[in-house]
Structure formats: C-alpha cells, structure tokens
Amino acid sequence: MPLDALGEASDEALLVAYGNGDRAAARALTVRLTPRILGYAARVLADRAEAEDVVQEAMLRLWRIAPDWRQGEAQVTTWLYRVTVNLCTDRLRKSGRAVDLEAVPEPEDGQAAAVEGLIDQDRADALGAALELLPERQRQAVILRHLEGLSNPEIAAVMDIGVEAVESLTARGKRALSRHLAGRRAELGYGDD
Amino acid sequence: MTERDPLDAFFDEARANRPTPGADLMARVLADADAVADGREARATRAATPARRRPAQMLKALGGWPALAGLAATTATGLWIGFALPELPTSLGLASGYDLSDLAPGYGSLSAFGG
C-alpha cells in the first residue's frame, strides 16, 4: 500500500494489507490503535506497566488474526476493544481486584469521604480513583462511553451485552461516580455550579 | 440552556490527560508485528521448498495417477510371469521348417530353462 494512502485507509484495509505481507500497514495500525486501547487499559487497570502488557498482547492477537480476518463482519476497533476488555478482566480477576457487578451497593452520600484518602493529585486522578471503586462492568461501560467515546451499540458489541444493559451500566456507574466525587468537586476547583 | 452534568468536567479533564504510549511500547508492538510476519513468510517459504514438491513433480513427470496405475499393473504382471512361468511355445506353428530359436537367437536357452 502506498505510504500516502496509509493515513486514509480504513483499519480493516490496513489489517488485510498487513495479512498480505504489507508491514507498513502494521506501522500505521500501531500508531492508530495502540493509544486507543492503552487509554482504556490504563484506566481500567490503574497500572501503567500492566496496561502496556495488555496492549502488547491485544495487538499481538490482532497481528495473528490478520490473514484470517473476515472482512465486513466486525469493526477492527470493536474486536480490539473486546480483546482488551477481556484481557483486563482476566488480570483484575487473577489479582483479586475485580469487583462483582452486583456485589457492591451504590454508595450512600456519606461514603464520599471514603474516597478522599485515595484522591491526592488532580482532577483526572480523582476520577481514576473513583472509577476504581465501581463494580467491574460499570467501570468498563463508563470508560468506554465517556472516556473512549464509543457509542452504546459499539459498547454492546464490545461487552457482548444488549444496548439497554449498556445504558443501565453507564447510568448506574455515573450515579456512583457522582456520589464518590461529590465531596471533592469544590476542592478540585470545579466550584459548586 | 441545559444544565451540564457535573461529571462532564471530570470526563473532559480525563480525556485531556489521556495516557499516551511511549516509544518503548510502540517498539514492542511493532517488533511483534514483524515477528508474526516473519513467521508467516517462513512457513510459506517452507511450504514451497523443492523437497516438499519433489514427489508431486515425479508423479507428474510419469504422467500422473493413471500412468502410475498402468505401471503398477505392468509390474504385477511381470511378477506373476516370474513366479508362474507359463509354458512357452516352442514353434510358431506356421512353417514347420523354422524354429523360434531361428527367429530369436537366445530363445533356445530360455526355452530349455522353462522346459
């Protein structure tokens, strides 16, 4: 594939080209996709080194599937997010950090204070710490929707659930985040608007 | 004007502070891509080596499977003749004045061996 065409080519076209031996296509895909899944993995795992390992493994699986990629069946980004989500889930469960979806009740207002000890840096860190307190599936859905910018149907495909379930997860996740962060907003400079 | 969700400010901040991959991670990912491509090309090369193609080429040179079947039948017939050694004719039966050995020198010794 000509170099000037790489930037305009779809993810799928690049993947097929790589599967046919075009290594420049792999470079274009790496530049395009690695930052996206790193953003997700780093936020879900809250561990940069672990997130990078997950990203490398997810991309490796992408390289391996390239020759067998069935065009038109799925979006490359959806497939890659799905692999990344599953790898992150495996890591969280193996390390005992996973929080079961239904095991944790939504926090009472007074529980916001519990977060304060975890929040010690800036606003992004505050959100990160609050995200860590969410049940696993809520955290995944909120990150994919509000930080990665995926649509609800895309998230449904990534998480292998229905769109209504995505809406429910993100709504409950946001409610929980609001309560966790309620006591921090003024302190973090957002005022009380 | 609609009221903005207070959480949006946190999301905006987080998106602005998106983790970015360092050169080391990009190099690791690209090295994997090259290694997978190398492995694929090596397998394709091995699959096309002459050593693997030789039996097929020999068969083709002989004329394919039909020719091989004919060759096998001929071999079996030869073996059968060798073991059964049917009775050999001693003359052509057309002209009593001639013996097969007159027409095919060396036949006499074969005939004697069979008789």
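This is a predicted model: local features need pLDDT of at least 70, side-chain atom pairs count only at pLDDT 80 or more; totals for chains, interfaces and linings use all residues.

Select A:Ala46, which is found in the loop between helix 3 and helix 4 of chain A; helices here are DSSP runs of H or I with at least four residues, strands are runs of E with at least two, and both are numbered from the N terminus. Although A:Ala46 is not a glycine, it has a positive phi of about 55°.

Residues are numbered from 1 along each chain as its sequence is written, and chains are lettered from A and ligands numbered from 1 in the order in which they are written.

Next, select residues 23-45 and 48-65 of chain A, which are helix 3 and helix 4, and whose axes come within 8 Å and cross at roughly 140°; axes are lines fitted to C-alpha atoms, for helices over the stretch in contact, and angles run from 0 to 180 degrees between N-to-C directions. That angle makes helix 3 of chain A oblique to helix 4 of chain A, since angles under 35 degrees count as roughly parallel, over 145 as roughly antiparallel, 65 to 115 as roughly perpendicular and the rest as oblique.

Now pick A:Val55 and look beyond its neighbours within four places in sequence: A:Val55 is in contact with A:Thr34, A:Ile37, A:Leu38, A:Ala41 and B:Leu25, contact meaning that C-beta atoms, placed from the backbone, lie within 7 Å. A:Val55 is also among the residues with the most contacts inside the largest nonpolar core, which has 59 residues; such a core is a set of buried Ala, Val, Leu, Ile, Met, Phe, Trp, Tyr and Cys residues joined through C-beta atoms within 7 Å. Helix 3 of chain A supplies the largest share of this core, 12 residues.

For the last stop, select A:Asp160, in the loop between helix 9 (152-159) and helix 10 (163-181) of chain A. A:Asp160 is not a glycine either, yet it has a positive phi of about 60°, and A:Asp160 is exposed, with 10 other C-beta atoms within 10 Å.

Definitions and conventions
A residue is buried if 20 or more other C-beta atoms lie within 10 Å of its own, exposed if 12 or fewer, and partly exposed in between; C-beta atoms are placed from the backbone. Two residues are in contact if their C-beta atoms, placed from the backbone, lie within 7 Å.
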